[in-house]
Amino acid sequence: MKLDFTPVKTRIIRPPKDDIYDIIDSLVVQDGDIIFITSKILSIHQGHTVKIGEMQKEELIQKEADRYLAYENKTGDFHVNLTVTQNVLIPAAGIDESNADGYYVMWPTSIDALCQEIRQYLMKKHNIKRLGVIATDSHTTPLRWGVTGITIGLAGVEPLKDIRGRPDLFGRNMHITKVNLIDPLTSMAVLLMGESNECTPIVILHDYQGIPFSDS
């Protein structure tokens with residue numbers, strides 16, 4: 001199956017708050033597209049930022065996290081806070097300082113609702129019925145090097161395929177397997193976005209047949 005991704009370069013989105021609807025308005029989308037948007041610009045759009053120096057990062061992490069575990073290695077030269085934030089295992093509650101111009105950028109609030117808001121706006125603007133909007137971020141995987149992309153919010157697609165009860169190659173029924181349909185696509189989209197100064201916070205996947213669309 002061919003994947004047709006279009007990375008979208010944009011202007012610089014600037015903290016502490018920057019309305020991104022001029023960028024949303026400029027997107028060229030068609031029925032059946034899936035739009036991947038980095039969570040950072042969604043957070044800046046909401047103004048969910050704090051100027052560095054106004055609050056200690058450790059305090060901010062604890063404020064944003066649902067569960068918090070501090071860790072420092074034996075050499076003392078690297079400090080990581082492992083947290084659960086919005087039901088995701090993520091370092092530092094997802095708070096980022098890169099491409100943030102002197103601000104801490106937290107995760108967006110009400111992420112699914114924001115994805116739905118953008119989805120409904122674009123569906124009405126372009127008179128289309130099927131559209132997915134995915135909020136993305138980079139994360140680390142325990143015991144593995146490097147960051148990969150994950151989904152932290154979505155609207156308009158069904159992210160899981162339940163194959164429980166289906167037989168395997170030798171007739172044994174599957175008992176627990178649900179296939180994550182969206183994170184592999186999100187990981188590819190985040191790879192195309194880049195991690196430093198690419199200024200490509202949006203990627204559009206066109207006419208992908210491997211995931212069902214939904215109304216929510």
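This is a predicted model: local features need pLDDT of at least 70, side-chain atom pairs count only at pLDDT 80 or more; totals for chains, interfaces and linings use all residues.
Let me begin with a cysteine: the sulfur of C199 lies 20 Å from the closest cysteine sulfur, which belongs to C115, and that is too far for a bond. A disulfide is a covalent bond between the sulfur atoms of two cysteines, and here the term is applied to a pair of cysteine sulfur atoms within 2.5 Å. A search of the whole structure finds 0 disulfides, and C115 is accordingly in none, with the sulfur of C199 being the nearest cysteine sulfur to its own. C115 counts as buried at 1% relative accessibility, whereas C199, at 29%, counts as partly exposed. By these words I mean that buried is under 20% relative accessible area, exposed is over 50%, and partly exposed is in between, using a 1.4 Å probe and protein chains only.

Residues are numbered from 1 along each chain as its sequence is written, and side-chain values use heavy atoms, with hydrogens and water left out.

Now to the sheet. Helices (H or I, at least four residues) and strands (E, at least two) are DSSP runs, numbered from the N terminus, and two strands pair if DSSP finds at least two bridges between them. An open sheet of 5 strands has the order 1-12-2-8-9, with mixed pairing. Strand 1 and strand 9, residues 147-155, stand at the edges with a single partner strand each, so one side of each is left without a neighbour in the sheet. From one strand to the next, the twist averages 25°, where axes are lines fitted to C-alpha atoms, for helices over the stretch in contact, and angles run from 0 to 180 degrees between N-to-C directions.

Let us walk across the sheet in that order. Strand 1, residues 4-8, runs antiparallel to strand 12 and is joined to it by 5 bridges, with D4 standing opposite H206. Strand 12 also pairs with strand 2, residues 33-38, in the antiparallel sense over 4 bridges, and here I204 is the bridge partner of I35. Strand 2 and strand 8, residues 131-140, run parallel and are joined by 6 bridges; F36 stands opposite I134, and I37 stands opposite A135. Strand 8 then pairs with strand 9 in the antiparallel sense over 8 bridges, and the two form a hairpin with 6 residues between them, where L143 in the turn has a positive phi of about 70°.

How many residues of strand 12 are buried? In this strand, residues 202-206, the number is 5 of 5. In a regular strand the side chains alternate between the two faces of the sheet. Both faces of strand 12 are covered, with I202, I204 and H206 buried on one side and V203 and L205 buried on the other. Strand 8 is mostly covered as well, with 9 of its 10 residues buried.

Next, the helices and the cores. Helix 2, residues 39-46, lies across strands 2, 8, 9 and 12, running at about 70° to strand 2; contact, throughout this talk, means heavy atoms within 4.5 Å. A nonpolar core is a set of buried Ala, Val, Leu, Ile, Met, Phe, Trp, Tyr and Cys residues joined through side-chain atoms within 4.5 Å. The largest such core has 33 residues, and those with the most contacts inside it are I24, L27, I35, I37, I118, L131 and I202. Several elements each supply at least two of its residues, including helix 1, strand 2, strand 8 and strand 12, and helix 4 gives the most, with 6 residues. Apart from this core lies another, of 16 residues, among them I34, F36, L154 and V157. Returning to I37, and leaving aside its neighbours within four places in sequence, its contacts include I24, L42, I118, A135 and I202.

I will finish with a residue in a loop. I176 is found between strand 10 (160-162) and strand 11 (178-180), and is exposed, with a relative accessible area of 75%. I176 and I163 are 13 residues apart in sequence and 8.1 Å apart in space, C-alpha to C-alpha.
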